[in-house]
Amino acid sequence: MAPTPATTPTLALKPGTSWQDAWQRSRAAAPEAFRDDRVRNLWAGTWHADGDPLPAVSPVDGTAIAGPPRLDADAALGAVRASLDQHRAWRQVPLAERRARISATLDALTEHRDLLALLLVWEIGKPWKAARADVDRAIDGVRWYVTEIDRMLAGRSPLPGPVSNIASWNYPMSVLIHAMLVQALAGNAVIAKTPTDGGLVCLTLACALAAREGVPATLVSGSGSALSPALVRSPEIGCVSFVGGRDTGARVATAVADLGKRHILEQEGLNTWAIWNFTDWPSLTPQLRKTFDYAKQRCTAYPRFVVQREAFADFLAAYLPAVRGVRFGHPLAVPDPAAPLPELDFGPLINAAKAKELADLITEAISRGAVPLHRGTLADGNFLPSQDTSAYLPPTTLLSPPPSSPLHHAEPFGPVDTIVLVDTEAELLAAMNASNGALVATLSCDCDETYDRLAPQIRAFKVGHNKPRSRGDRDELFGGFGNSWRGAFVGGDLLVRAVTEGPADERLPGNFPDYHLMP
């Protein structure tokens with residue numbers, strides 16, 4: 001008798017992880033921040049049922065979720081002025097009390113860790129493991145500052161006005177909440193705009209937990225055009241901290257330069273990984289697999305590989321097993337109720353429009369001569385029966401995208417790799433520096449002398465030797481070159497220095513028109 005063919009088990013949503021489960025748990029945890037089916041704005045120390053809610057859906061499967069309650073320009077200006085009042089009071093609070101309130105906030109975040117992570121899954125599509133890691137990095141990172149803050153604040157004082165935070169949607173906890181709590185620990189009231197594309201409920205819950213402990217946080221929603229005059233140009237603002245794309249960042253940079261305002265502007269760049277006179281191929285495959293974490297939707301992702309032509313065959317032998325091993329799909333779909341949540345490399349992109357944009361760019365690049373080396377399919381994914389998959393894009397790799405394609409010179413912010421072949425060191429450097437500045441880069445080469453000679457010519461702030469670099473935090477300096485960064489560098493002491501005042505003649509290290517500190 002012929003063997004019965006194996007069948008793939010039908011997947012279902014793990015019990016207790018639905019959006020309604022997450023929403024009801026959020027309402028129970030912070031009823032002051034949520035009313036019925038909508039989210040409130042936080043300003044003047046009070047939750048307000050104002051703004052015009054924007055409908056929203058989860059990228060995970062199209063489920064309707066809570067949308068941002070958008071304020072208009074006048075309301076945002078009122079929120080900023082109220083934050084200045086909070087700031088003037090908070091900067092007088094003794095450091096010991098500020099430390100106690102931030103520590104209590106961290107304890108509350110720890111208590112609600114899994115709920116915050118579940119919200120990240122639904123709102124921005126993070127796989128479960130990555131979502132929990134985002135929450136943990138925020139909590140653990142701020143705890144380190146709590147232990148180090150006395151030393152960091154010696155001889156320093158808070159800024160004249162609150163810190164305004166505008167950040168992209170991809171790391172609500174480990175970037176945005178982390179920054180806000182450190183800024184508050186340093187003596188500043190803090191303001192944040194919820195990202196339009198996702199993270200609203202997670203951020204609202206985190207801010208509700210902080211506000212309960214007396215941390216002077218303001219959290220508002222609205223379009224960039226409506227809120228920018230208040231959050232960037234208001235004279236009440238002491239510093240602008242921005243994480244996002246170059247187009248928006250350029251407008252913010254122009255505004256803060258005109259006003260002479262303190263600023264930290266982290267912008268996108270095309271991070272590259274180069275292969276030159278390299279032979280340790282077994283070490284490369286597992287590292288390449290990890291570059292697909294969270295669908296490369298992060299500022300330190302590596303979407304461009306610059307490869308020595310004569311090493312291309314060996315590179316492919318290491319690369320293709322990595323990309324073929326990538327697992328993606330619905331982050332909460334399991335074969336049976338008792339099964340653990342799947343360990344995926346990534347889930348959906350942030351929305352269906354982004355997935356379509358990248359799919360169209362791939363099609364266009366191939367029509368103009370790019371060679372498709374790998375094209376995954378949605379059939380490879382981990383999905384519920386008949387679920388909406390419009391926000392998903394399988395991993396794709398293109399060889400030699402045409403110079404006219406954005407995939408040649410810009411960060412795709414999705415699971416799309418491009419490979420460029422080079423024959424000389426000059427070509428290698430030109431290909432690595434295609435976007436005029438990046439946050440990180442890696443050069444894989446056997447010879448230390450070659451690395452030491454080429455690395456300083458790569459226009460990235462951090463350059464790894466045979467291994468990827470990350471954003472880092474705590475005591476590690478972070479910034480960018482060229483168009484990838486403007487203003488003060490951050491990390492450890494510098495993050496605190498960026499949002500406090502020191503000696504009158506102090507010059508902050510960073511990318512300023514008249515000052516630059518090499519890493």
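How many of the 13 residues of helix α7 are buried? I looked this up first. The count is 11 of the 13, so α7 is largely enclosed by the rest of the structure. Buried here means under 20% relative accessible area, exposed over 50%, and partly exposed in between, with a 1.4 Å probe and protein chains only.

I noted the ground rules next. The model is predicted: local features need pLDDT of at least 70, side-chain atom pairs count only at pLDDT 80 or more, and totals for chains, interfaces and linings use all residues. Residues are numbered from 1 along each chain as its sequence is written, and side-chain values use heavy atoms, with hydrogens and water left out. Helices (H or I, at least four residues) and strands (E, at least two) are DSSP runs numbered from the N terminus.

**Helix α7**

I found α7 at residues 200-212, reaching 18 Å from its first C-alpha to its last. That is close to the 18 Å expected at 1.5 Å a residue, where the expected span is 1.5 Å times one less than the number of residues. Among its buried residues I listed Leu200, Cys202, Leu205 and Leu209. Gly214 follows α7 and has a positive phi, near 85°.

**The sheet**

I then traced an open sheet of seven strands in the order β19-β20-β21-β17-β16-β22-β23, with mixed pairing. β19 (371-375) and β23 (460-465) stand at the edges with a single partner strand each, so one side of each is left without a neighbour in the sheet. Neighbouring strands are turned by 20° against each other on average, direction ignored. Two strands count as paired if DSSP finds at least two bridges between them.

Axes are lines fitted to C-alpha atoms, for helices over the stretch in contact, and angles run from 0 to 180 degrees between N-to-C directions. Helix α12 (residues 352-367) touches β19, β20 and β21, and its direction makes about 30° with that of β20. Helix α14 (residues 425-432) touches β16, β17, β21 and β22, at about 165° to β16.

**Strand β21**

Seven of the seven residues of β21 (residues 416-422) are buried, so the strand is largely enclosed by the rest of the structure. Val416, Thr418, Val420 and Val422 point one way, and Asp417, Ile419 and Leu421 the other way.

β17 (residues 304-308) pairs with β21 in the parallel sense over five bridges. β20 (residues 396-399) also runs parallel to β21, joined by four bridges. I noted Ile419 as the bridge partner of Phe305 and of Leu399. Thr397 stands opposite Asp417.

Definitions and conventions
Contact means heavy atoms within 4.5 Å.
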